[in-house]
Amino acid sequence: MATLQSSPMPIDVVSDVVCPWCFIGKRRLEKALALRPGIAAEVRWRPYFLNDWIPREGIDRRTYLETKFGSVERYAAIAARVAAAARSEGLDYAPDRIARQPNTLDCHRLILWAGNTSDPGRMKQRLMELYFSEGADLTDPEVLVGAAVDCSMDGNLVRKLLKSDADIERIEHEASAAKEAGVDGVPCFIFGNVLAVPGAQEPAYLADAIGRAVAEYSKRAAGQKAPAEARPG
């Protein structure tokens, strides 16, 4: 039986552009939505700092791997598993090309700004491709400006905004709020504010979760719109 929707169901994706499973999870969500063509959804990209200890200027990739994983060699085994999962989704994951580990505050600002004139999802994808597939330095403002131009944004305006403090407080607040709400790993998919699914689950699993969530979301939305005299209590 089809679910009647009065409005698109929001899907909040809490993730970071330097999280490889977020790279994979985004593609799996897209496939899951394709499995549910009758469900209208609005995907909203929420910031998260996978490595909130990284300074704004970033650090050398080797230093990062040694600090977080103990050694480059220890990370290699993890990377092989991630690379296999990425390939299965048609993604190019090439960690050997990455020379610098960035702080992602400016990346999240760029995704936020893309909502004004472009597509935040497209910006998210471009930044992750730059990082995971091309090994680009996301601490370089000109790399970010180039990504903005690729996504049909005004490069000069973005360059000016990046030099300012615009929306820094907002991004930091949202990222902190996610952790305070209990999100301790990403990606985390929150469907209609009624169901949270952690991890880059398979498309079929996410599609099932979307179907379950939209039924509850539509029920709650209908209840909120019912005349006061028709509501229980």
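Predicted model: local features only at pLDDT ≥ 70, side-chain atom pairs only at ≥ 80, totals over all residues.
Let's start with a working rule: two strands pair if DSSP finds at least two bridges between them. Helices (H or I, at least four residues) and strands (E, at least two) are DSSP runs numbered from the N terminus.

Hi everyone. Residues are numbered from 1 along each chain as its sequence is written, and side-chain values use heavy atoms, with hydrogens and water left out.

First, the sheet. In what order do the 4 strands of the open sheet come? The order is β2-β1-β5-β6, with mixed pairing. At the edges sit β2 (41-47) and β6 (195-198), each pairing on one side only. From one strand to the next, the twist averages 20°; here, axes are lines fitted to C-alpha atoms, for helices over the stretch in contact, and angles run from 0 to 180 degrees between N-to-C directions.

Let's walk across it. Strand β1 (residues 9-15) runs parallel to β2, joined by 7 bridges, and Asp 12 stands opposite Arg 44 in β2. With β5 (residues 188-191), β1 pairs in the antiparallel sense over 4 bridges; there Val 14 stands opposite Cys 188. β5 and β6 are antiparallel too, over 4 bridges, with Ile 190 opposite Ala 196. Their hairpin has 3 residues between the strands, and Gly 192 takes a positive phi near 60°.

Now a helix pair. The axes of α2 (residues 61-69) and α3 (residues 72-88) come within 8 Å and cross at roughly 85°. That makes α2 roughly perpendicular to α3 (the class covers 65 to 115 degrees). Contact means heavy atoms within 4.5 Å, and among the residues that meet are Leu 65 and Phe 69 in α2 and Tyr 75 and Ile 78 in α3.

Finally, the inside. A nonpolar core is a set of buried Ala, Val, Leu, Ile, Met, Phe, Trp, Tyr and Cys residues joined through side-chain atoms within 4.5 Å, where buried means under 20% relative accessible area (1.4 Å probe, protein chains only). The largest has 57 residues, and Met 123, Leu 127 and Phe 191 have the most contacts inside it. Helix α9 (residues 203-225) gives the most to this core, with 7 residues. A second, separate core of 8 residues includes Cys 19, Cys 22, Ala 178 and Val 186.

Thanks, everyone!

Key. Parallel < 35°, antiparallel > 145°, perpendicular 65-115°, else oblique. Buried < 20%, exposed > 50% of the residue type's maximum accessible area, 1.4 Å probe, protein only.
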